2 protein chains.
Amino acid sequence: MLDAVCEVDLSRLLDPRGVAIVGASAEVRRIGGQPIRALKEFGYRGAIYPVNPKHGEIQGLPSYPDLASVPKPCDVALICVAGKLVPDLIRDCGRAGIGFAVVLSAGFREIGESGRELQRELDRAIRDSAVRVIGPNCQGLMSTVYANYCGFGAPFLYAHTRRGRVAMVTQSGGFGYAVMGLAEAEGLAFNHVISSGNEADLSSLDLIEALLRRDDTSLVAAYLEGVRDGRRLLRLGRTALQLGKPILVWKVGNSQAGRRAAASHTANLSAEYALYRAAFAQGGCLEVDDVGDLVDIARAFESGRVPAGDRVAVVSISGGAGVLAADRCDKAGLRLAALGEATTAELRRLLPAFSSVANPIDVTAQVFNDSAAFAQVVRVVLQDPEVDQLMVLTASIDGALAEQLAGSLAGLAAGSDKPLLVNSSAPLERSAEARRILAAHRIAVFDTPGRLVRAAAAVWEFERRRRLLLREPAPVPAPARRALQLPAGARTLSEHESKAVLRAYDIPCVPEVLVALQDLPGLTESPLGYPLVAKLDSADLPHKSEAGAVRVGLRDWGEVRQAVEQMLDSARRHSPQARIHGVLLQSMAQGTEVIVGATSNRYFGPTVVFGLGGIFAEVLNDVSIGFAPLDARQARGLIEQVQARSVLQGARGRPPADLDALADLISRVSRLIADHGDRIAEIDLNPVFVGAAGSGVQAADALVVLRDAGEQP
Amino acid sequence: MLDAVCEVDLSRLLDPRGVAIVGASAEVRRIGGQPIRALKEFGYRGAIYPVNPKHGEIQGLPSYPDLASVPKPCDVALICVAGKLVPDLIRDCGRAGIGFAVVLSAGFREIGESGRELQRELDRAIRDSAVRVIGPNCQGLMSTVYANYCGFGAPFLYAHTRRGRVAMVTQSGGFGYAVMGLAEAEGLAFNHVISSGNEADLSSLDLIEALLRRDDTSLVAAYLEGVRDGRRLLRLGRTALQLGKPILVWKVGNSQAGRRAAASHTANLSAEYALYRAAFAQGGCLEVDDVGDLVDIARAFESGRVPAGDRVAVVSISGGAGVLAADRCDKAGLRLAALGEATTAELRRLLPAFSSVANPIDVTAQVFNDSAAFAQVVRVVLQDPEVDQLMVLTASIDGALAEQLAGSLAGLAAGSDKPLLVNSSAPLERSAEARRILAAHRIAVFDTPGRLVRAAAAVWEFERRRRLLLREPAPVPAPARRALQLPAGARTLSEHESKAVLRAYDIPCVPEVLVALQDLPGLTESPLGYPLVAKLDSADLPHKSEAGAVRVGLRDWGEVRQAVEQMLDSARRHSPQARIHGVLLQSMAQGTEVIVGATSNRYFGPTVVFGLGGIFAEVLNDVSIGFAPLDARQARGLIEQVQARSVLQGARGRPPADLDALADLISRVSRLIADHGDRIAEIDLNPVFVGAAGSGVQAADALVVLRDAGEQP
């Protein structure tokens, strides 16, 4: 059931037989000098070819005048010269059979208008040569596994001898390598780290996917400002779940202030953060928001143990730490296990009277006098079938006692497949041996109970999503696309015209009739009964309420006539030029008001947004987002994601609403935007009235905005 | 304007002339042995008196048979013997003139019923002897300033030679000392750390206040599970603002799971977390939630610089880091400064074309080639009057370049009083000298941009609150207490009875009349006009809607009669025993529905809660909490704290609501509960209708619950 395998194979990039450095420098601190020194000194086993026509020798290696004269095989050209030379160099790579170019040079799209022509030239060179390019304007890549140091900056100045299974892709070179340094200082080890620059060819998503599929990678960290293909991000998240390897995403550029900065930085206009979060949540992308977070979660995954459920037991030598862990579990969606009776009885036997045998279990400072009892407690709790994973909090125990506990835990862990996570606040220098013992048995250790719980919750969240995906029935195939009669050009439709579009997809609307102004004097009675809503129908009044063009609760024909007079009066004052198609008479709908909207986003394609009416969606921003099309089951999931869902589920004595009918409506709207996103820019059903279960839904107002065919979303 | 100075003087506790260790042990790892070794070896300058009748000498020191025989002066007795011996030992302290006892022994209130008698005995001994006691069931105290190590656990096994100005009080000894160790590893230095145990005498609040007022303390960190006097916490927060010294609170026991654990741990039942958060926000308590958080915020305060406003400039060598900082500023309530024109022009001159001169300013990796320009940029930005503080992000720059930058920053900081914060991700071993230079100039350094912004935001938040306090007019004195006619005993009042209580405080209610059932047949018309609401009035039907005892929108007397029949029928089926006082006829009120409630909390005294009606308060939990009494201005503040406040302020084309009248109502309710919290357990006005500005407010429904006089809240 794995999706089609991504075609980019990075083997020759990460493990090149030869690297040519174009713009090679004898100065080991300069950008063209750093990588030569690093490749020479830190263990790289391939060939190093400095390219610089001005020198015969650089840093003790023969220098070549150009790429054509570089010996074969050479798999990577690292380019550190002025930007204007880059397109020709890419073509040179193609001719010389060099498959990859890593371009550190700047001066392209990222500097705005003045760099665009050069970018276009680069794009052509890439297309013509079929060379795969990292960058331009990137900081290069590092592969600790192959001692491949094709880049510059502080982490390229020393050897990275610890080789891990964590890969990283970063859209900001400077920041990404700073994160790498910090994470290494906290004990994480990487295999491949790639700075993607302005992504003229290989995108961050290409790189993430290629790294994720490698056998030497167990997870990928990504620092993202924005991606160009949001749907690919969705698919990639699914792939991550299928592979059982998470993508830890650090997403920035989310605030308005941040977005401005991101735009001027990589020229990747960031799409809405809400869409990203929705995409992350539907796959195997877990958001992190600082280095500690990244390190902790990676560490928890590295242990390789997956909990069977959300039930956690906490064993602590400090009541305070136990309380804290319990707090955090609650907040993070983990449950404190209700221990079995046998376990509780056994604990009572093992522990002194003033200990707490309820979960979180407080073995107290008595551990200093009796460490064997502590190990017994852990054993008993770990065996309890009510417990899915165990957190052991050892506070600042260090030295020999810490080693003794570590030995016991290692033995117990070996006899169980449940995750066993340890919090130790002991300083490194007084707990090195204990930590070594735990590491050897792949028991992850965390500085604080809070960081431990956060990491455990992330692992469980990934596992929960993975199971949902496995259980998920195949989506119901969307029915055939239906034809629409749409006027040409970009324009806003009137309510009545909008409803015609909706009806083509059988989206239920309130009963209504459009009466031309000239017909109105002849009518003497409502064809729909009372109470009645009257509106002016006009494409020029998208905000009818503000124009005074809506009246509700009309109780007889006299009131209708009077209302129409007043509305015409008010609308003419508000928008003298507005063309009025007629008067729209509608039945009054009843039920809970919700909003269903749809739009086509440049990066994520057609999307649907759902929220409860009025304040909920518009003031509190309590909405959920789905990627169209959605079948009815998926639409139901969307409804259940809003915070205020209980309003529809029967909170405060209300009858439960007709969620089936609402899900059906959302699904239809999603198909409409999915089928016709090329012409429909926006659909807004506000409000939709949701009746009690079984009584259906009705869109009371609707607005459809068209765009020109071919116009960019 | 400082509040009255707290009377506890801890000088002799922290800096004792002599310490007696009762239960002294020759074993240096045992609880009675650790402190003797620490006092002997780590620099303590007072006298050490082991007390143990079984030995003549312990760890090379003469041992005394009892406290009476210990030489004078001795200021502290550290008690490490079985709990049952403690009360007598406290009396011994009193007789021997030992002012403080630190009791490590357990077996009191914290173990439940079986420890209560011993606790009572201890309480009596404390009262009789006037000895000030830390504990029992605590882990002791450490004062690095005086090399005073009166406690046990890992941090008591080595000397703490770095002495800072940060004090800590912890309700969990094990966890608190673990936090101390971690924070020290991150570079924070403490002066006094005290574990408060089960607080038989000196409470955490006593200790926090005493430490906060000491000249050698610049801030106090506190790990709290719960306090017994919430009002004192409020006052203490105010004192912190007045002193300009923050209290960093790590509050746990907030979740239901956590509270259970806290109850079994220190027997301090935690009050509601919402009350704590409200109390923190009204004073100088800043919440932290992990060690990193604590360290970062303490470090930012230690620099001693306070921003004049919320406008931040960011200068970064990595665009990515700048984007991240901008994101975080936005989230944390800091504004990115709009740089002045002169600054922008100057930056354009200084920076290459592909840099960003907008804030956040990206000087790019060009800093590697031209570090002087970087210093120029910082200078120009620091001088801009639009900028209140500056964040400099240096990514992983290390070695000589880092030292050069540090030198420039130190020089610039010396010429400015604006806060200048640095983010450096360079490993310690490659940036020690740069860090030393920055530290010498009190420029705080943070691992990541996120941690930097979080800390800067905390400092600004404290300063913002401090200014609000200084500007705050004195509260309007509450008018005289009014007498109430209340029935004896604990009971729920009917709506009509409840309204009588409200009217005594002139709280506006909808016009209504209570008609006895037997009078009803004689009436032929509504005395209040139509539409009308009819309810059954009964103290036995506190939830009228569920009992079918409310009918709204009645349009004539026939409808009223019929409604009464139906209500009686329905109520009799629902609660056959309910005593019905009569039918309450009310005018239909109009406006926005809000909820105003009041209650008397065991720890925080009388409190008022406010929220918008229906879902907002009850489902979304969007409420604000105030401590009664509130004057009208304070009540207005309460209204402005809810998320959905815009509904009342005129969102979505609604007219602004009558906030003055609403604030007046809230203030009256707050005085009612403040004056009569001894009898009134609960007041619930739900809903109150708030009309448009100028048209007033009306409580439409009300419920007052009484308790027995003298009954505990």
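Residues are numbered from 1 along each chain as its sequence is written, while chains are lettered from A and ligands numbered from 1 in the order in which they are written. In this predicted model, local features need pLDDT of at least 70 and side-chain atom pairs count only at pLDDT 80 or more, whereas totals for chains, interfaces and linings use all residues.

Trainee: What percentage of the residues of chain A count as buried?
Mentor: Good place to start! A residue is buried if 20 or more other C-beta atoms, placed from the backbone, lie within 10 Å of its own, exposed if 12 or fewer, and partly exposed in between. Of the 713 residues in chain A, the share that counts as buried is 56%.

Trainee: Is T161(B) buried or exposed?
Mentor: Look in the loop between β9 (148–151) and β10 (166–170) of chain B, where T161(B) lies; strands are DSSP runs of E with at least two residues, helices runs of H or I with at least four, numbered from the N terminus. T161(B) has 10 C-beta neighbours inside 10 Å, so it counts as exposed.

Trainee: Which residues have the most contacts inside the largest nonpolar core?
Mentor: A nonpolar core is a set of buried Ala, Val, Leu, Ile, Met, Phe, Trp, Tyr and Cys residues joined through C-beta atoms within 7 Å. The largest one has 443 residues. Those with the most contacts inside it are A20(A) and A20(B).

Trainee: How is α11(A) oriented relative to α5(B)?
Mentor: Helix α11 (residues 319–332) of chain A packs against helix α5 (residues 173–185) of chain B at an angle of about 85°, with their axes 5 Å apart. The axes are lines fitted to C-alpha atoms, for helices over the stretch in contact, and angles run from 0 to 180 degrees between N-to-C directions. Angles under 35 degrees count as roughly parallel, over 145 as roughly antiparallel, 65 to 115 as roughly perpendicular and the rest as oblique. That angle therefore makes α11(A) and α5(B) roughly perpendicular.

Trainee: Which elements of chain B do the buried residues of α20(B) pack against?
Mentor: In helix α20 (residues 632–640) of chain B, the buried residues are Q634(B), A635(B), L638(B) and I639(B). They cover an arc of only 150° around the axis, so they sit on the same side of α20(B); the arc is that of the directions from the helix axis to the C-beta atoms. With contact meaning C-beta atoms, placed from the backbone, within 7 Å, their packing partners in chain B are β26 (605–612), β27 (623–627), α21 (646–649) and α22 (659–676).

Technical notes. Two residues are in contact if their C-beta atoms, placed from the backbone, lie within 7 Å.
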